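This report goes through one protein model, with its pockets, strands and ligand contacts. Look at the sequence and the structure below before reading on.

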Amino acid sequence: MTAGLRFGIAGLNRGSHFLRSLNSWDDTRLAAVCDPDFARTEQLRDELGDARVCESYEEMLECGIDAVIVATPIHLHAPQSAEALRRGIHVFSEVSAATSLEQCRALVAAARASSAKYMMGENCCYMKSFALVKSMADAGLFGEVYYAEAEYVHEVRPFPGAAKWRDRWLFGRRGATYITHPLGTVLNWLDDRVVSVNCVGTGPHIDPSRGNDDSSVMLCLTSRGALVKIRHDEMSPRPSTLNYAALQGTNGAYEALRHDDDTHRVCLDEPGTDPKHRKWRPLWDFEADYLPGYWQGASEDDVHGGSDGLTLRAFVDCVLNDTPSPIDVYRALDFTAPGLMSEVSIEQAGAQVAVPDFRLM
Ligand SMILES: NC(=O)c1ccc[n+]([C@@H]2O[C@H](COP(=O)([O-])OP(=O)(O)OC[C@H]3O[C@@H](n4cnc5c(N)ncnc54)[C@H](O)[C@@H]3O)[C@@H](O)[C@H]2O)c1
C-alpha cells in the first residue's frame, strides 16, 4: 500500500512491537526507521518491507514522515519527541515521558507550540482488565474511589543482555524511577492527578554496589484527596507482578490477579448484602455490559495482552480524526512527574514533596 499515515520508528527493540499493527492496518504505513544498532534492522529486514533505513533520527524526521514512534532509551524520549513536534510531526512516545523536570518543561513548551499531536503510549491503560475496570469506575459502580494501589515488580536487575537504559537510568538511582505503568493505570481509573508524594525505600540488599533500593514505595495524595500506593522493585528475586493493581471506593473494590493461577475480583455493595457475608465476584461477570467498545473483537494474543496495538490505534485515530490525544503531554507528565519527585522525597527520608502541574507552567 502507498497511502496512509506515514510512520517512522526510532529504536527497534521495543519499537519492533508495533510493526505488526502498522503493517496490518489500511490507514498506516511504515515509511522509515532508525537505530544506530544496524544489526537490529538486519534482523527485522522482512518486517521492515520497503521502509527507509535512516542513519540518524534527524535524517528520519526529514524524510517526509507524518508521525514517529519514539522507542529509544528513556532519557531520549523527551528531547526526541520535542524535536519531532517542532517539525509538526505527530509523536507517539514510549514511557516514561521524561527523566527530569527540565525535560518535562521543554516537552510542554514544544507541545504547546506545535500543531502536531503528542501521546504517551501508556499501554497498561488499554489492558483488557484495566480498561474494563476504568469503564466500571466511570459508570460509578465503585462509588467514590478513595484508595488505589499498584506495583511494578519485575526482576530485571542488570543481567547480561538487559537493556542498557535501565542500567544507566534506573539502577543506581533512588526512588520510584519507572512507574508510569502502575501509576498511569490507577490515575486513569481515578481521573485525577497526584499533588504530593512521599517515598521511602528498603536500601540496597541485593547489590549494595549500585546504591538503589531494592524496593521503593511511593505514597501519593491526589487532587481529590485519594491515596495511591505504588511499589517499584526491579531487583528482588521473585516472579514479576507487573499487572497487580487494586482500588477501593465507597461502593466496592477491585483486585487484579497477582499470580497466573489467580483471577481478577470485584466486590460491590449490592442492596441487601449482609456486610458479614460479602463475597468477591469474577471481574469478567461485568464484561458484557462494561467492556469498552474498542476492545470488542480485539485479541489478547499479542505482546502485553493485546494492549500495544490498541494504544497505538488510539493514537492513530486521534491524529486521523483530529480529536484530543487520549494521553496528551499534561496527562503524560501526570503519570511521569510523581516518579521524578519521589527521587527528591527518598533523599529527604520520605518527606512530602509537591508534584508540579505542568498545565500551570
Ligand atoms: N510500554 C511498554 O510496555 C514498554 C516495554 C519495554 C520498553 N518500554 C520503553 O521503551 C524504551 C526502549 O526500551 P527497550 O527495551 O527497547 O530498550 P533497549 O535499550 O533494548 O533498546 C533501545 C534501542 O534504541 C536504539 N537507540 C539508541 N539511541 C538511539 C537513537 N538516537 N535513535 C534511534 N534509536 C536509538 C538502541 O540501539 C536500541 O536498539 C524504554 O525507554 C522503555 O521505557 C516500554
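## Second largest pocket

The lining of the second largest pocket divides into six nonpolar, eight polar and five charged residues. Here Ala, Val, Leu, Ile, Met, Phe, Trp, Tyr, Cys and Pro count as nonpolar, Asp, Glu, Lys and Arg as charged, and the others, Gly among them, as polar. The lining has 19 residues, and Leu242, Asn243, Leu257, Asp260 and His264 lie nearest the centre of the pocket. The space in this pocket is about 480 Å³.

A pocket is an open set of points on a 1 Å grid over the protein atoms alone, where a 1.4 Å probe fits, with protein on both sides within 12 Å along at least five of seven lines; lining residues have an atom within 4 Å of a point. Points are joined across faces, edges and corners, and the volume is the space filled by probe spheres set on them.

## Basis of the model

The model is predicted: local features need pLDDT of at least 70 and side-chain atom pairs pLDDT 80 or more, while totals for chains, interfaces and linings use all residues. Residues are numbered from 1 along each chain as its sequence is written, and side-chain values use heavy atoms, without hydrogens and water.

## The parallel sheet

An open sheet is formed by six strands in the order β3-β2-β1-β4-β5-β6, with parallel pairing. Each of the edge strands, β3 (52-54) and β6 (118-120), has a single partner strand, so one side of each is left without a neighbour in the sheet. Strands are DSSP runs of E with at least two residues, numbered from the N terminus, and two of them pair if DSSP finds at least two bridges between them.

Within this sheet, β4 (residues 67-70) and β5 (residues 90-93) pair in the parallel sense over four bridges. Ile69 has Phe92 in β5 as its bridge partner.

## Strands β7, β9 and β10

Strand β10 (residues 227-233) runs parallel to β7 (residues 145-153), joined by seven bridges; Glu151 is paired with Arg231 in β10. With β9 (residues 216-222), β10 pairs in the antiparallel sense over six bridges, and Leu221 stands opposite Leu227. The hairpin of β9 and β10 has four residues between the strands, and Gly225 takes a positive phi near 85° there.

## Ligand surroundings

Around the ligand are 22 residues, of which Asn13, Arg14, Asp35, Val95 and Trp165 come nearest; a residue counts if one of its heavy atoms lies within 4 Å.

Polar contacts are pairs of N or O atoms within 3.5 Å. A side-chain N or O atom of Asn123 is 3.0 Å from an oxygen atom of the ligand. A polar backbone atom of Gly11 lies 3.4 Å from a ligand nitrogen atom, and a backbone N or O atom of Ile74 lies 3.4 Å from a ligand oxygen atom.

Methods:
A polar contact is a pair of N or O atoms within 3.5 Å; within protein, one must be able to donate a hydrogen and the other to accept it, and residues adjacent in sequence count only if both atoms are side-chain atoms.
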